[in-house]
Amino acid sequence: MPPAAAEDNIVILPFVFPAIPLAAAGRRRHMGTMEIELIPTVILSCVASALAIFCGYMGQRPMNPNRGPRMVPWRFLMLLFVVAAMMLIVHLLNLLGFTTGQQQPKY
């Protein structure tokens, strides 16, 4: 093993750079993975929910023939953001310890 790869704060990216030191790598050892993933998951689920509400509002507005046709598919975007928010909520529940998938056989 090369001496640079033996350190804890070195990340190996073989196709881009041989070794890149990270300042936050030392902090990751002290934090659990749930704390790292929990905050971005909550933020992204709130953003996806807010965007779904906004796209739903824009999609339900009455059409104005003077302005021409709507070029943005607001209802389709609303469905995409609703699906993303649901997936993030399921991921959040999994981070909190709830089982949301099929039970694995115990044999």
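Predicted model: local features only at pLDDT ≥ 70, side-chain atom pairs only at ≥ 80, totals over all residues.

- Threonine 41 is located in helix α2.
- Once neighbours within four places in sequence are set aside, the contacts of threonine 41 are Leu88, His91, Leu92 and Leu95.

**Overall make-up**

- The protein has 3 helices and 2 strands, and their order along the sequence is β-β-α-α-α.
- Buried residues make up 14% of the 107 residues of the protein.

**Phenylalanine 81**

- Helix α3 contains phenylalanine 81.
- The relative accessibility of phenylalanine 81 is 25%, so this residue counts as partly exposed.
- Leaving out residues up to four places away in sequence, phenylalanine 81 touches Ala48, Leu51, Ala52 and Cys55.
- One of these residues, leucine 51, is 30 residues from phenylalanine 81 in sequence, while the C-alpha to C-alpha distance between the two is 6.6 Å.

**The aromatic pair**

- The structure contains 1 aromatic pair.
- This pair is formed by phenylalanine 54 and tryptophan 74, whose ring centres are 5.7 Å apart; their planes stand at 90°, so the arrangement is edge-to-face.
- Because phenylalanine 54 belongs to helix α2 (residues 33-60) and tryptophan 74 to helix α3 (residues 74-95), the pair ties together parts that are 20 residues apart in sequence.
- The two partners fall into separate accessibility classes: phenylalanine 54 is partly exposed, at a relative accessible area of 40%, whereas tryptophan 74 is buried, at 18% relative accessibility.

**Cysteines**

- The count of disulfides is 0, where a disulfide requires a pair of cysteine sulfur atoms within 2.5 Å.
- Cysteine 46 has a relative accessibility of 49% and so counts as partly exposed; the exposed class begins over 50%.
- Cysteine 55, with 2% relative accessibility, counts as buried.
- Cysteine 55 is also one of the residues that phenylalanine 81 touches.

**The largest pocket**

- The volume of the largest pocket is about 260 Å³.
- Its lining consists of Met58, Arg61, Pro62, Met63, Asn64, Arg67, Gly68, Pro69, Arg70, Met71, Val72 and Trp74.
- By class, the lining of the largest pocket comprises 7 nonpolar, 2 polar and 3 charged residues.
- Trp74 is among the lining residues, and tryptophan 74 is also a member of the aromatic pair with phenylalanine 54.

Conventions. Residues numbered from 1 in each chain as written. Heavy atoms only, no water. 1 Å grid on protein atoms, 1.4 Å probe; cavity = no way out; pocket = protein on both sides within 12 Å on 5 of 7 lines; lining within 4 Å. Points joined across faces, edges and corners; volume = space filled by probe spheres on them. Nonpolar A, V, L, I, M, F, W, Y, C, P; charged D, E, K, R; others polar. Buried < 20%, exposed > 50% of the residue type's maximum accessible area, 1.4 Å probe, protein only. Phe/Tyr/Trp six-rings, centres within 6.5 Å; stacked < 30°, edge-to-face > 60°. Helix = DSSP H or I, 4+ residues; strand = E, 2+ residues; numbered from the N terminus. Contact = heavy atoms within 4.5 Å.
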